Number of protein chains: 4
Amino acid sequence: MNTFGQLLRVTTFGESHGPAIGCVVDGCPPGLAVAAEDFVPDLARRATGRSRHTSQRREADVVEILSGVHEGATTGTPIALLIRNTDARSRDYAAIADSFRPGHADYTYWQKYGRRDPAGGGRASARETTMRVAAGVIAKKWLAERFGVRVRACVSQIGTHLPQAFDWDAVAGNPLSWPCAAQVAELEAAMDALRKSGDSVGAKVTVRADGVPPGWGEPVYGKLGAELAAAMMSINAVKGVEIGDGFGVVDTPGSEHRDEADAAGFFSNHAGGILGGISTGQPLLCHVAFKPTSSLRLPARGLDVEGNEVQVVTTGRHDPCVGLRAPPICEAMMALVLMDQALRHRAQCGDVGEVRPRIPTPP
Amino acid sequence: MNTFGQLLRVTTFGESHGPAIGCVVDGCPPGLAVAAEDFVPDLARRATGRSRHTSQRREADVVEILSGVHEGATTGTPIALLIRNTDARSRDYAAIADSFRPGHADYTYWQKYGRRDPAGGGRASARETTMRVAAGVIAKKWLAERFGVRVRACVSQIGTHLPQAFDWDAVAGNPLSWPCAAQVAELEAAMDALRKSGDSVGAKVTVRADGVPPGWGEPVYGKLGAELAAAMMSINAVKGVEIGDGFGVVDTPGSEHRDEADAAGFFSNHAGGILGGISTGQPLLCHVAFKPTSSLRLPARGLDVEGNEVQVVTTGRHDPCVGLRAPPICEAMMALVLMDQALRHRAQCGDVGEVRPRIPTPP
Amino acid sequence: MNTFGQLLRVTTFGESHGPAIGCVVDGCPPGLAVAAEDFVPDLARRATGRSRHTSQRREADVVEILSGVHEGATTGTPIALLIRNTDARSRDYAAIADSFRPGHADYTYWQKYGRRDPAGGGRASARETTMRVAAGVIAKKWLAERFGVRVRACVSQIGTHLPQAFDWDAVAGNPLSWPCAAQVAELEAAMDALRKSGDSVGAKVTVRADGVPPGWGEPVYGKLGAELAAAMMSINAVKGVEIGDGFGVVDTPGSEHRDEADAAGFFSNHAGGILGGISTGQPLLCHVAFKPTSSLRLPARGLDVEGNEVQVVTTGRHDPCVGLRAPPICEAMMALVLMDQALRHRAQCGDVGEVRPRIPTPP
Amino acid sequence: MNTFGQLLRVTTFGESHGPAIGCVVDGCPPGLAVAAEDFVPDLARRATGRSRHTSQRREADVVEILSGVHEGATTGTPIALLIRNTDARSRDYAAIADSFRPGHADYTYWQKYGRRDPAGGGRASARETTMRVAAGVIAKKWLAERFGVRVRACVSQIGTHLPQAFDWDAVAGNPLSWPCAAQVAELEAAMDALRKSGDSVGAKVTVRADGVPPGWGEPVYGKLGAELAAAMMSINAVKGVEIGDGFGVVDTPGSEHRDEADAAGFFSNHAGGILGGISTGQPLLCHVAFKPTSSLRLPARGLDVEGNEVQVVTTGRHDPCVGLRAPPICEAMMALVLMDQALRHRAQCGDVGEVRPRIPTPP
């Protein structure tokens, strides 16, 4: 279960402080141009050490393409990508190798496997998400070239802070991936204060895909929303997922929630682009809750592997708000789900052809 | 993709107004006592027509066991369960057979397959969840007998109504599966008013499993939370899923969120019983958002299959709050996920044995 | 693992003497005409009781379509097929319920599950193959209509008897599915003598698909030949599978075996239509070895469930040569593999288009 | 479909002349000792360039363990293995880059993907089997340590040469993996003559597992024999697979074929250790047919990618009998199937416990 997807299958491997991390992307159609430099932008967005608001571990994140690409294009065979770990600092973990850090997977790995690799969190580290981002680059590229689909994500809540405006064009221009430029200075100050306090905070990420044609998704267990939910919830630190209005549907009357339409198109998109598990053609909208980092300088009470009560202080390099680096990860997971569903759709319904009428989807 | 699970695999089939619905449960260990009457209680909880707050379709929901059970116990071969549909009233759908009901899967099935079975919503009907409940009965039974796991669900929000108290023992005693007996009369009145208005409302369901041992779940893509999220989001009308504190984590400081412990046990359960995708041994907690029914007597604007603008009025028998019947469905999906993960866990880690220390989980 | 296939997924259930057998066919493209009478011819070819050379159990084999077909055509949702068992005679098995019949699965089921359903062989009975044939009817129909593929099988060896001529048109005209009409009388006499002797004999079945386009199959673990081998070897009583020249390749020089070609086409088809796991466009050829029935009136030495030595005599109704009824089963399995691979191929390579040059495949 | 197995999942990647080949082994139980040197013996047995009877490509085949092993033992997370290609000589392929070599996958890859990586056969090269052998080392080790299972293979036919004696102890002592030492000199001379002639020959390999407990395998589509057949047929150049007596069953009477037993054990093993898809506890026996190499110095008639008739002469380094290097590959595939089935068996039947009686299996 280190493999994700049915037809586009991504298998990741590697530990935070092991020699390397990597992935195998299987099932990609032939003929897609892929080069090592394609991975640079998204990996940089996910990387630590690029702003003062993230952990200061600095990984080069250089992708080596080991297979599946010939003369610059995919061949249809598995694409293996490798990134060597270059800035692991395992000594930070020596002191806590025998303790279970509260809020971390230390205890549960120990219970499951009877052993664990403690350095840097081992396999449970967010370092694993690097390869999701790399695989997602391939999916985003294919979706864009083949269908014009565009996948974007931003941070839409940090602690109690909510955006005062929502401008997708603002997102790339600040280190918080925040959609309201006017708030960035204030938020950066809040992050600085948080970092100094030694504490952490949660965040919400909004992910959106435009251009998804109607008809993707499978109607029962393979619902598009179900696979997006699994994809997002499989990211470290995620505790909640919403499609469209999400929990807002609970106190909405049905007469308001159902997205009516006329010949000019849908009037609203409460459904977030999915009905009955299948895409409507409207923008796909997903919200994801990231918990606050549990690795803090503030001591916590826990147990060690002998069952003794201990105080755990985490001195490694950590993010005060892991959600800040999550947008490219969420984009990658959405793109992987969409590409997989696109392939599955054309497998079963490749002969259906253009279906009329299409309800327009106003922006 | 009408199959759910890896090792405990449930395949469902059937349309709302077809001759029958059914499922095949594959991978169940041998030796579990299973009889037709085992399915009665949960199917009755899910059924329509048992209170005035649900649709008045009255299905007998008699389960026939076609295979996999010999002399009252499972043999290890696939268990096929069949329920004949007995109260379909397809004439209700004649008027809307060529229209896309807003908020329904009519349009998306049409786009995906180029055709659809309109009667009763066809495969997209909540009738499909009957077989999830039936399959879930087997999983609940095995989990209870083998591990002492107990799975329960209740309605924890209806529209803007929140429980004033949370008493699991109150849930079975009222037709709303509500955890606060004192509020039931007021809520029933609100439901009566809603029904008369012709509108509908959403609901939140809380699902909980007690007794799950630590160590279940797979750490990366097969995270316990990811599979629960997919399971819940695969239920019709679900738009949001939370594990533990869910979206509440966004504005919680990390120093508070991480569940500390001492030798007497965990101090809190913000994580909802899952860390790093693996169970902690604490109660497993999940919240699920159900959207309001879109089938209303109130007319809605939409299109027909020719692209003409139409007014859609739904005169069939419908629930004003589908969430009210959802608790047994949510329990079933959680039980299916847990049993599947239990089997997967012992496949890989069957030799690990009892792992020390176990952190106690105070109630 | 009662499910076969990746994208076209067939799940079968049912025991030989249980109330019913059935299957769920998931992933079929929408719009394929399917009716109950479509199943009659192939089920009749597989059925017992139609000639004196087979078991005299007479099952009606009436297929009820429970789902997935609307107005005579598939909708894209799962197609459930049900056949009630009507001629089970379990008393035949009372005497051997506690014995392990040599050459049967009695002992291995007992070892695996710690229990078994003895009536008629339970799940291990060849009755299970009925549903493979039913599912195969759908696959054959789709392959024929969509690609012009034709799948055929015949018996090509019975004991030491080999065909003196090979005429596909002769196969349907005799109860032995034999490709040389001139030999049929002699073979029937041999079968009569065998039946009277109480013994049984093995058979070889040849399966062939014409019209398979080049490009189907996946190059490594999903090789077309690998999936055909698994498909055939999953049929009861099969002990060997060959693609093309099969074991004949061992003493063939490479200069002869490699199928050369010029612009007029391939000169030979030693490869049986597969190179590197992918179809060449030539006829797909597969040979399958069926062992002789182990259920004989002649007593055999074995053990009972207490470990006592016993003499086992099988008095039920059995086939002296199970291979005689195998051609439609082998056709079904080949068709299921081909349809599944066709769907997978267009998922990944749906944009590749017509590839030049195509090497002609002379008949 | 570059992944093999259900619970023990091996994903391989890499092209013959690419930078590296590798695999990810997922699902391995924790606590198995694994070190880089464990891979040396089997990789050496599979390697070219170790005797004059194989291709003279000399690869170092140094395995780097990238993940999943901590302090010398598996952790339960994916084990990634990497081997750099060091002796690729792509210039040999320049002349035939635009031709389809008869008997090779060149044409079928071209038809499937619309493109191909010609160097060294790309993904279709037998170089891919290196990683199967590496993964198999892990499976063999686990099977031996946990269950005492021993998996062995030898060459049991070369062209028309059959063993005059069958001594497993002789196999390791000669470069042909031949079970009769007395014949080796004569066979080596025959191989020398063959090499000089420029032609090639096929071979049969026999694979055997001792110590497999009864009960492994799934009774319908996941039959042990079906999965072995797929595993073997997925190896390059394989055209036939037999379990036990294989095609020999066709002319055997049932009274002889069924393996009778008394309290002292089975009298014979015609079934090859499998009944009803489940292991009997007897030695597991499998025979595999390898076709002769199609890459020959002798010219062959074929087409180029423009459809022109060409003469193809292969000047690269090739094996005159690929079957000679196949024993460790076949062992690996059998071990992977067995370990996967062992894990699946304990998932479903982990509570069944020791089942009585066990029929002894005399050697």
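Begin in chain D by selecting helix α3 (residues 129–147) and helix α8 (residues 327–349), which pack at an angle of about 50° with their axes 7 Å apart. The axes are lines fitted to C-alpha atoms, for helices over the stretch in contact, and angles run from 0 to 180 degrees between N-to-C directions. Helices (H or I, at least four residues) and strands (E, at least two) are DSSP runs numbered from the N terminus.

The model is predicted: local features need pLDDT of at least 70, side-chain atom pairs count only at pLDDT 80 or more, and totals for chains, interfaces and linings use all residues. Residues are numbered from 1 along each chain as its sequence is written, chains are lettered from A and ligands numbered from 1 in the order in which they are written, and side-chain values use heavy atoms, with hydrogens and water left out.

α3(D) and α8(D) are therefore oblique to each other; angles under 35 degrees count as roughly parallel, over 145 as roughly antiparallel, 65 to 115 as roughly perpendicular and the rest as oblique. Their crossing is left-handed, a term for a near helix turned anticlockwise from the far one by less than a right angle, with right-handed used if it is turned clockwise. Display the side chains next: among the residues that meet are W142(D) and F147(D) of α3(D), and M333(D) and M339(D) of α8(D). Contact here means heavy atoms within 4.5 Å. The residues of this contact between α3(D) and α8(D) divide into 16 nonpolar, 2 polar and 5 charged. In this division, Ala, Val, Leu, Ile, Met, Phe, Trp, Tyr, Cys and Pro are nonpolar, Asp, Glu, Lys and Arg are charged, and the others, Gly among them, are polar.

Remain in chain D and select D210(D), in strand β9 (residues 203–210). Its C-alpha atom is separated by 8.3 Å from that of G148(D), 62 residues apart along the chain. Beyond neighbours within four places in sequence, D210(D) contacts G148(D), V149(D), R150(D), R152(D) and P283(D).

Now select helix α6 (residues 224–233) of chain A with helix α5 (residues 224–233) of chain B, whose axes come within 8 Å and cross at roughly 160°. That makes α6(A) roughly antiparallel to α5(B), and their crossing is right-handed. G225(A), A226(A), A229(A), A230(A) and M233(A) meet G225(B), A226(B), A229(B), A230(B) and M233(B). This contact of α6(A) with α5(B) has 8 nonpolar, 2 polar and no charged residues.

In chain A, move to M334(A) in helix α8 (residues 327–349). At 0% relative accessibility M334(A) is buried, that is, under 20% relative accessible area, whereas exposed is over 50% and partly exposed in between (1.4 Å probe, protein chains only). Its contacts, not counting residues up to four places away in sequence, include V151(A), L228(A), M232(A) and C286(A).

Finally, select the cysteines. How many disulfides does the structure hold over all chains? There are 0, a disulfide being a pair of cysteine sulfur atoms within 2.5 Å. The sulfur of C286(B) is 7.5 Å from the closest cysteine sulfur, in C330(B), too far for a bond.
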